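The following exercises concern a predicted model.

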Amino acid sequence: METFKRNWLTGTGLTALIFLIPLLLFLTGCSENVEDPWDTVKKQRVHLDHAPFFTKPFDKPQEVTRACLECHENAAKGLMKTAHWKWEGEPVKVPGHEKPMKIGKKNLLNNFCIGIRGNWVKCTSCHAGYGWADDSFDFNEEENVDCLICHDWSGSYAKGAYGMPAKGVDLLAAAKRVGYPRRDNCGICHIYGGGGMGVKHGDLDNSLVNPTENTDVHMGKHNMLCIDCHKTEDHNITGKAYSVSVGHENGIDCTDCHNAAPHAGSRLNAHTEAVACQTCHISHYAKKAPTKTHWDWSKAGDSEREEDPHHYLKIKGEFIYGKNLVPEYAWFNLKSYRYILGDKIDPEKVTDLNKPMGDITDKTAKIWPFKVHRATQPYDKEFNYLLQPVTAGEGGFWHEFDWDKAFKLAKDIIGLEYSGSYGFARTDMYWPLSHMVSPASRALQCADCHSEKSRLDWKALGYKGDPAKTGGRVANKLIKNGEKEG
Amino acid sequence: MKKNIITPVFIFLAVILTVTLTVTLSVTLTVTAAWAEGDEEVEHPEIVLMDKEGNEITGPGTAISGRTTCGECHDADEINRHTKHVNQKVKVECMDCHFKDGKTIGDYTQAHMMIRRPTSQNCVSCHGIAHTGSEPLSIPGDYTHNLEYTPGKKNYGMTQRTGAVISHQRISASALNLRDKSNRNAAWDVHARLQMDCLTCHNKREGQKAFNHDINTAACTSCHDALAGHNNLTYKEKHLEVLSCQSCHVSVIYGPAFRTVDRTVVDTAGSARVELRGVDESRSHGTSLNTKYYKGFLPFLFPSKENGGAKYRISPFNLVTRWYWKSRKTDETVPLEVVKQAYYAPGSSRYAGDILKVFDKNRDNRIDAGELVLDSEEKTALIAKKLAALGVEEPEIAGTVEAFKIKHGMVSASRMKWDCSVCHAGESKMGRDILLTAASPGGPKGIGPEFSKDLQPQIQGDITVAPGGEVLLKQTASVTGHYVFGHSRTQWLRQLGVWIFFLGIFFIVVHMGVRFVGRSKHSAAEQTTAPRYLYPFFDRFWHWLMAAIFTLTVLTGLEIHFTGSFKLFGLASAVSIHDVLTPILVGNVVLALLYHFTGGQRLKAFFGFNGKIVREALTRKGRRGEQNPNRFQRLTYIVLLNILLPFQVITGVLMWAAGFRDFAPIHNFGSWLFLTFLIIHLYLTTTGHGIFSRMRAMITGYDEEVVKTGEKPDDDRMNLADMRILDAVGTMIGRPGNN
């Protein structure tokens, strides 16, 4: 028996060896499995049919919210912590300002409709709440949360003045058909922001509701939802808009789903050190619908001129729209500077409202594609800072076409001194592009950047010349902050 | 004092020398550096344009002469002496390569006189289609006009011969009408995609120190280390040894390569009839080359000598067939100009009346593309008659097949979707029938062309002419001198193997028949059975392990042999598995050997060969009522494990490790025998007293033995040991008792 056992053990051991040795010899060097991006995409569950729960018509939108909260008790609490409700973030340190400050849509200026304060009537129609009419709005009232704007699947829900439902909206019909946010839900605000479709973001417009593969490979070819990338937990939607923030906290990266070195060739993978994915994979923006690239407020108020929403409006001034545009490129380390109300400007120069941080010496910065929106907007000639007029609000510029009055009205609301003399100064806003990702087959090719007809201005980016010929920033030892780390 | 005079002079001379040297060197270096980078244009001093006689050119229309213009400063004569671009036939001027658009005659502006390192645009003014812009690539309208190099005219030789298009652009971005266009995302040429131009590779030969206008081609290996990559390629060294890089890295060609140039006819534009490769005429519209439907074509692989070396490597080729009139008497080719005279009305480029009458079948007063071919005796006779009248003695039609090596239009590995079966399958890239001409001239029967006398590659095949005029090259050998796994077949040996396999099946069927007929005799007898422990655990384990390995080996072997017909693991994996199994098999046999030592059996018992078993197996003696596994089974076991297994292992190892690929057909033959004996072995397991009893015994270890009434079960211990060894190694043994 002992012998049998010993034989048996030796036999098993040797058999195992005989299998393992050739397998190890032959099968080493097999390629590693590439992570599957789909593993990270949450499968949306079929939303329960809510029609049987709601039978009686709602008199007030708040009643809908209360009805939602009966079952989804924590929904409002979660949302009320987020920027979609507060329109401002946690206190952050803004470059050039000593104290950390809470910034957001609530208190910042842009170079589209300039600022929301005093203009709540129009602006807060994109607020995920009801009745934000002035600074006294109660941000702690759960019933003022607007559930339907994100969850309505009936397609019949719309918001109007002060974020209240538009006239004629059938609240019951909307409440019966609710589900997870689809592209059109997010799109109501993010596509139509700035006063019209495709105005603000060059990479978000109506063509993304049902896009083709070539417009956006994620939403077109794969029919992905906004929330597939903008992953959401407890109503906190990830993603960062650099028009209203200065950092990347809670932001999204392509590498959340994709490998950091996803290309078959090492030459392309080497590019990822200095080039953002978006740079090559978003070849053009505003592919299908035009986006606003220039806005001149100084021309507003001219009754003589013919009105045309794409060229001139008396209330807003002169515009330029562009379609299928080549982005502008700049170094960007996912942090940005920010113009804060009251910051001094040089009216002779272009003021960058949110200049991206980073340059060629910054190891963490990469070359990014941007839509740059260029505007001419009012400033105070004496105090040399940008002014925020009351436009949509009562007595505002859109009603009376009196700039002076518009600034005086704003002074009482915002508290920003107005000297009585105003002018117009040029400002730029940078919108990093992350949507309208082309399929790989339509991504940029070598010649788009490394040829006589390069779309990148290498010298402006800090290179000696085309890095394909003169070497990259590592080879030329241009990176500074990386040296400390070794 | 003498000394005082010499020192200042010496210092003065030294300073002068140093300064001169420094200046010269730095100037030379800066010029060389800028030239090498190719980035910034070298500022060339102003030049005076001169004609052949050295007179200054003052007005438009005079040809510039490089010899006089550039020869002012450069040694133009020396350059012309050793460049390939100046000879009897080819006379390239300096400006053709160094002016911005290669213009040598006409009205010049400052823009033309940008003297620089030649770019691809300069080269393609003679060589083919190249494209650097962002507008969609299209084929120029004069593409089919110049069929032979004509100095001073736009030529497209490279593209016409091989379909090579030098462009950074994705094929899908072109203006052409291509099959599956949206998925053709590779660039026309990967090197062009990477912003390389012609001179990047065509600068100097390996080992040559400097560029000297003798334009050579650098080998792929001067930049690429093929052995460093290609790790997913099974047998990469072998592949890299026998194949040129282009064999794999030139994939489907979509460029407008010629298939046939038929100079027996001319169209009204003065061009010969041209057939393009990879174009589906039935789905093409119009006469423009841009609207034709390009299916693309896979180049043909033939062994040929590399750059004058003695070694043959497989390279991709395009075959172009040229048809032309010649004089049977003088053997001279009739120039196209004379052919034109035969077709055209005198002094015009319109067809003569009698031509129109014979050629215009559908009576629409013009000769359509389909009508412009000498597909009837009448047409041929008419042209022959007219040529004879023009002074051609005994005109006749001849055809020549030329092969052009394809060197451009490479794709990177990441863009290649090669499957092994592209070559390693019965129907593959190799050894295909090649269409030489869709409509050959020479009447309804057509005539066969001949291979050009200076044909470079080795082609084995027969040229056949179908009644419709279709000329095919039927290859008789896949690739001369190569055995391509999964594709090449040594027919007689393979057929022999298959016949033996069927013979085995036949034996089984006959045996089954005999059993079926004789079944009643034995079933009548009263039989009792008693369980008997036949196979120890390790024997059984070993047996099933071997069975599993054999099954896998046979399956992967079949997949390698019949690649493309069915898919289990994919060829690359099948080869790997097949290779891994061999050491396992050998190891397993060694293991059994160890087992026998530990089991106390003598070596002789393991290797011992005794004719007795064979004799017993072949005679009918003692077959009925045999209590041990019958002798046929023993015989198959012996053949399988003692003969075929070593045979297969040895031939396999010879192919795999020693590189004797010629053993492949023998290995294949062996596998047919192997399969035959495996099937017989399987069948014979059913010949126990019950159909599955032997199979069950190999699982449980116990066989139920037939015991004749009144008899005790056989308890021959020696026999049991015998069985154990038999099953363990399957080797032939004599009963130890007999020794």
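**Exercise 1.** Determine whether Glu394(B) is buried, partly exposed or exposed, and describe its backbone.

*Solution.* Step 1: the relative accessibility of Glu394(B) is 43%. Step 3: Glu394(B) is located in the loop between α13 (377-389) and β10 (395-405) of chain B. Step 4: its phi is near 45°, a positive value in a residue other than glycine. For comparison, most residues other than glycine have a negative phi.

**Exercise 2.** Carry out the corresponding analysis for Asn384(A): where does this residue lie, and what is its phi?

*Solution.* Step 1: Asn384(A) belongs to the loop between β8 (366-380) and β9 (385-386) of chain A. Step 2: although Asn384(A) is not a glycine, its phi is positive, at about 55°. Step 3: Asn384(A) counts as partly exposed because its relative accessibility is 25%.

**Exercise 3.** Describe the sheet of chain B that contains β11, β14 and β13, and then the hairpin within it.

*Solution.* Step 1: the 3 strands form an open sheet in the order β11-β14-β13, with antiparallel pairing. Step 2: β11 (434-437) and β13 of chain B are the edge strands, since each pairs on one side only. Step 3: from one strand to the next, the twist averages 30°. Step 4: strand β13 (residues 461-465) of chain B is joined by 5 bridges to strand β14 (residues 471-475) of chain B, and the two run antiparallel. Step 5: individual bridges can be assigned; Gly461(B) has Gln475(B) as its partner in β14(B), and Asp462(B) has Lys474(B). Step 6: β13(B) and β14(B) make a hairpin with 5 residues between them. In the turn, Gly469(B) has a positive phi of about 100°.

**Exercise 4.** How many residues of helix α11 (residues 336-343) of chain B are buried, and against which elements do they pack?

*Solution.* Step 1: 6 of the 8 residues of α11(B) are buried, and the helix is thus mostly covered. Step 2: the buried residues are Leu336(B), Val338(B), Val339(B), Lys340(B), Ala342(B) and Tyr343(B). Step 3: they pack against β4 (258-266), β9 (312-327), α12 (353-359) and α13 of chain B.

**Exercise 5.** Identify the residues of the nonpolar surface patch that includes Leu552(B), and locate Leu552(B) itself.

*Solution.* Step 1: the patch is made by Leu552(B), Leu555(B), Phe566(B), Leu568(B) and Phe569(B), and covers about 380 Å². Step 2: Leu552(B) is part of helix α15 (residues 537-561) of chain B. Step 3: a patch residue needs over 30% relative accessible area; Leu552(B) has 32% and is partly exposed.

Terms used: Residues are numbered from 1 along each chain as its sequence is written. Chains are lettered from A and ligands numbered from 1 in the order in which they are written. This is a predicted model: local features need pLDDT of at least 70, side-chain atom pairs count only at pLDDT 80 or more; totals for chains, interfaces and linings use all residues. Side-chain values use heavy atoms; hydrogens and water are left out. Two strands pair if DSSP finds at least two bridges between them. Helices (H or I, at least four residues) and strands (E, at least two) are DSSP runs, numbered from the N terminus. Patches are made of residues with over 30% relative accessible area and no salt bridge: like charges are joined within 9 Å, nonpolar side chains (Val, Leu, Ile, Met, Phe, Trp, Tyr) within 5 Å. Accessible areas come from the Shrake-Rupley method with a 1.4 Å probe; for residues, only the protein chains shown count as cover. A salt bridge is a side-chain nitrogen of Lys or Arg within 4 Å of a carboxyl oxygen of Asp or Glu. Buried means under 20% relative accessible area, exposed over 50%, partly exposed in between (1.4 Å probe, protein chains only). Axes are lines fitted to C-alpha atoms, for helices over the stretch in contact, and angles run from 0 to 180 degrees between N-to-C directions. Contact means heavy atoms within 4.5 Å.
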